[in-house]
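Subject: Structure handover

Hello,

I am passing a structure on to you, with notes on what was found in it. Please look at it first and then read on.

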Amino acid sequence: MLLVYTSLVYIGCAAGRPQGSHAPGDGHIPRETLRTREVIDENNLENAYDYVIAGGGLAGLVLAARLSESNTVLVLEAGLSGDDVADRINTPSGAYYSSIVGTDYDWKYVTVPQPNLNNRVISWPRGKILGGSSAMNAMYLVRPAEEELNAWQQLITSDDADAATNWGWAQMYAAMKKSENFTEPRADVAQVGNIQWDASTHGSGGPMSVSYPGIMMAIVGNWTSSLNTIGVPPLPNPNGGKTFGGFVTPSSINPTNWTRSYSRSAYIDSLPPRPSNLHILPQATVTRLLFLSDASADGWIANQVEFAQDSSSTRRTVKVRREVILAGGPIGSPAILMHSGFGPRDTLENAGIQMIEELPGVGQHLQDHLAAGVVWQSNIETAGDIHASHSDFAQSPEFLSFINDAIAYVNMTNLMGADGASTFKQQVQSARENSSSTIPPPSSDSSISEGYKAIYDVLTNTLFDQVSYAELVMALTSPGTVTIQVALQHPFSQGRLYVNSTDPFGPVVIDPQYYSHFAGIKLIRQLGAALGPALGQEMSPGPNITSDQDIETCGMLPRAQGGAVDSKLRVYGADGWIANQVEFAQDSSSTRRTVKVRREVILAGGPMGSPAILMHSGFGPRDVLENAGIQMIEELPGVGQHLQDHLTAGVVWQSNNETAGDIHASHSDFAQSPEFLSFINDAIAYVNMTNLMGADGASTFKQQVQSARENSSSTIPPPSSDSSISEGYKAIYDVLTNTLFDQVSYAELVMALTSPGTVTIQVALQHPFSQGRLYVNSTDPFGPVVIDPQYYSHFADIITMRQGIKLIRQLGAALGPALGQEMSPGPNITSDQDIETCGMLPRAQGGAVDSKLRVYGAANVRVADSSVFPFIVAAHLASPTYGLAEQAAVLIQQEPFTVPNSARTNIRPLTEVVSLVVGLLTAVLVFT
Ligand SMILES: Cc1cc2nc3c(=O)[nH]c(=O)nc-3n(C[C@H](O)[C@H](O)[C@H](O)COP(=O)(O)OP(=O)(O)OC[C@H]3O[C@@H](n4cnc5c(N)ncnc54)[C@H](O)[C@@H]3O)c2cc1C
């Protein structure tokens with residue numbers, strides 16, 4: 001049944017059950033309830049287990065299910081079971097309408113203030129519950145590209161031959177499929193959503209259900225075609241090793257009852273009973289691992305795991321017969337390792353933790369998919385509107401299974417154009433040495449920057465032209481708005497996380513060292529335009545980019561450099577041709593008239609008008625005149641070229657004071673007085689590169705821009721049949737990079753008080769390195785002038801503008817209480833896919849685990865969760881984490897380790913040793 005519902009199309013309820021025939025809560029397809037069979041309490045704990053898994057999240061529960069087939073397994077999970085919120089978790093759209101983010105089931109991590117984001121603190125929700133983040137995630141099921149996984153393999157194979165047989169696309173593809181049971185979309189859903197898929201790229205018979213929602217929105221059907229118009233092709237077989245393109249993604253949905261399929265429901269609740277093999281203990285935070293006092297040839301042997309319910313509870317231990325598997329996720333696993341004495345020397349010393357094994361890579365190489373978005377008013381009914389209606393349909397399982405699924409992965413050419421991407425590639429390549437010495441957070445060990453370089457080389461050389469660098473997703477789940485988000489997929493920035501005390505319940509310091517990124521936002525706006533009338537006005541960040549100072553379209557430059565006039569402002573070629581009449585008309589339909597000239601014609605039509613007059617008079621670039629059908633009198637390639645502009649962007653705050661705009665809106669007598677009406681914005685500043693970037697930053701930036709000269713001059717000036725244009729570009733470039741760089745201002749700041757309720761500070765680029773052109777395309781002088789300023793075609797303009805925005809925010813802070821909350825661009829930045837804090841990399845490159853996931857220096861401790869991924873991939877991380885856990889289960893069972901039956905004392909942390917020694921000394925003193 002296909003129902004047309006204004007401009008939204010959705011598919012109704014299940015066959016045989018007409019829309020609206022059931023009362024709320026009645027007649028729903030029964031949902032699988034969470035079972036509590038394997039979940040135990042402390043009283044039922046055994047003394048020892050073959051495997052103890054720290055963390056019952058996505059990977060932890062996959063491993064629990066696989067290893068407990070033939071071993072005894074204990075899972076210690078810090079969070080609650082989740083039974084109390086089963087319905088919120090199981091309902092797919094619960095992720096949007098009744099999310100457990102921000103509740104007690106969320107760790108509610110925050111980063112330290114991020115200097116490149118106006119010192120904003122970014123929230124990092126992460127699941128603290130059985131199922132971990134798979135119980136709260138947005139359920140997108142998207143795999144990485146083949147090239148990315150092969151690059152993982154190569155990174156670790158350089159040190160460890162086993163890696164070639166354990167990791168890489170072939171192995172991970174098989175492991176990801178093993179975890180899945182794919183069901184095709186309903187025919188009507190597929191038709192409305194224009195969904196394409198290739199069932200052979202999916203698994204069948206695995207524990208995790210993969211499918212599509214029970215209804216579909218019409219606008220989703222326009223997604224791939226709209227993307228196509230902006231150069232992003234449809235991807236007919238997502239998940240088969242290629243990610244570039246637009247598609248409607250499958251999700252981890254169970255279509256038999258329209259519920260979330262996540263690691264608990266998929267891998268644990270569906271198991272046949274294993275009461276003696278599998279124990280899962282919620283509310284048990286692993287505080288540290290205890291090791292035998294002598295390391296074996298293979299390294300330290302963990303024989304006990306310590307845990308507690310909370311910071312005030314008694315700590316308990318459980319013995320390990322074979323191995324400890326850390327599956328606490330990218331934050332939990334490195335924290336457990338550090339509290340157990342494995343980590344960077346300086347971190348452990350500062351925190352007062354006794355070091356057992358110096359492992360500088362623990363917590364390092366932190367990367368994240370930072371996301372920001374553009375929000376439009378919606379001209380169609382969104383899923384968010386339907387949900388807010390509380391209608392019967394809004395409460396049906398089919399409607400509640402609808403989650404956002406329109407997605408695209410775009411490459412550098414989409415983001416920057418072919419020429420821009422090539423320039424950018426050279427830029428990042430040439431910045432390698434500088435970046436690797438400044439970007440990885442300070443470490444006493446050189447392996448961290450070696451690892452940074454190894455990953456950098458993969459990103460700039462192997463992957464740059466092969467894979468996607470940004471993800472776009474369309475969100476329809478808010479009432480009244482449509483949002484498209486862009487998320488960086490391969491950040492060049494890297495941060496770290498660390499602990500700063502001996503308290504395992506204390507905070508983890510998360511410092512991802514974020515950058516912001518302009519190029520993605522630009523692409524989103526193009527896509528918004530392509531989606532057409534469904535989208536209304538852009539609401540956020542809003543249209544606060546303006547232009548008002550364009551110049552140099554008839555440049556006074558040497559003719560060989562694309563000049564149009566000489567130093568006496570005479571049009572080149574016009575001392576040959578003599579103008580004797582000027583033609584004019586009132587409008588396009590009036591009779592054209594002429595007037596005779598006795599001496600000279602002076603063109604003062606401005607940067608748009610003058611070149612247009614020249615071109616219509618036959619003076620201009622040959623190709624322009626030919627295309628427009630204008631008879632050429634003098635070939636003058638420089639007319640309309642070298643177009644530059646003072647591009648402007650701004651930050652808007654709520655105003656805590658009355659603004660001129662408020663007074664004007666009051667229509668009071670004062671508001672209409674000539675004195676008040678004479679008030680115009682007048683607070684202004686010109687700032688130099690040192691203000692924008694700091695002295696060191698300016699000097700590095702200058703070198704980068706200088707070294708980009710040849711490439712920029714061959715790619716940035718718009719195509720011209722005449723070499724004089726790029727000669728002129730170079731000449732101007734040299735002035736900007738050599739003569740003026742240290743001398744003059746490169747940005748202007750202006751404060752605007754003329755809007756009601758807000759204060760805006762704008763930054764305007766003063767010396768853009770981008771150049772465009774304008775031209776006419778017909779013989780009609782009343783026809784349009786084509787203006788193509790090629791904004792941001794040079795990377796330097798993007799960076800300068802970004803620094804300008806940062807400077808504005810500092811200025812806003814200095815202006816104090818007059819300014820309220822920032823409204824635009826605003827804090828719409830999120831994070832949910834962090835990785836690589838226990839990286840599978842060579843030890844000499846800051847790795848924490850080898851290709852069998854064994855922690856370097858430990859004989860029987862592995863990390864098996866998303867924290868081991870060598871670098872972040874352009875995908876969602878659940879699918880590769882399922883694959884990783886499946887593969888880890890195989891590896892672990894290939895070579896089972898057995899802890900020797902030793903009575904030797906465990907290593908104790910320094911604090912305990914100190915208090916023991918103090919106790920002994922006191923006893924000795926008392927008794928002597
Ligand atoms: C809000 C959000 C949305 C997301 N959306 C998507 C999406 O749409 N698609 C997608 O593919 N991916 C998504 N992800 C990412 C994906 O869910 C994660 O990458 C994946 O769950 C990571 O699996 P993991 O096993 O490494 O960690 P987790 O699943 O986070 O599991 C770690 C577990 O360890 C526990 N733990 C931590 N420390 C300790 C300790 N000391 N002792 C005991 N237990 C501990 C935690 O409580 C948690 O249960 C999203 C993530 C979030 C947070």
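Helix H11 is followed by Gly341, whose phi is positive, near 95°. Helices (H or I, at least four residues) and strands (E, at least two) are DSSP runs, numbered from the N terminus.

A word on the basis of these notes. The model is predicted, so local features need pLDDT of at least 70 and side-chain atom pairs count only at pLDDT 80 or more, while totals for chains, interfaces and linings use all residues. Residues are numbered from 1 along each chain as its sequence is written, and side-chain values use heavy atoms, with hydrogens and water left out.

H11 itself is mostly covered, with 11 of its 11 residues buried. Buried means under 20% relative accessible area, exposed over 50%, and partly exposed in between (1.4 Å probe, protein chains only). Among the buried residues of H11 are Gly329, Pro330, Met338 and His339.

The ligand

The ligand is surrounded by 37 residues, and the closest are Glu77, Ser133, Val286, Ser866 and Ala878.

- A side-chain N or O atom of Glu77 is 2.7 Å from an oxygen atom of the ligand.
- For Asn137, a polar side-chain atom lies 3.0 Å from a ligand oxygen atom.
- Ala327 has a backbone N or O atom 3.4 Å from an oxygen atom of the ligand.

On its own the ligand has 1000 Å² of accessible area, and the protein covers 95% of that. Accessible areas come from the Shrake-Rupley method with a 1.4 Å probe; for residues, only the protein chains shown count as cover. Two or more residues of the shell come from each of helix H1 (58-67), strand E13 (285-291), helix H11 (329-339) and helix H27 (878-894). H11 gives the most, with three residues.

Salt bridges

The whole structure has 28 salt bridges, each a side-chain nitrogen of Lys or Arg within 4 Å of a carboxyl oxygen of Asp or Glu. One of them joins Glu42 and Arg316 (3.1 Å, N to O). This pair links distant parts of the chain, 274 residues apart: Glu42 is in the loop between strand E2 (8-11) and strand E3 (48-54), and Arg316 is in strand E15 (residues 316-326). Glu42 is partly exposed, at 29% relative accessible area, and Arg316 is partly exposed at 31%.

Glu358 and Arg345 also form a salt bridge, with their closest N and O atoms 3.1 Å apart. Glu358 lies in strand E17 (residues 357-358) and Arg345 in helix H12 (residues 345-351), so the pair ties together parts 13 residues apart in sequence.

Regards

Note on methods
Near = heavy atom within 4 Å. Polar contact = N/O pair within 3.5 Å; in protein donor to acceptor, adjacent residues only side chain to side chain.
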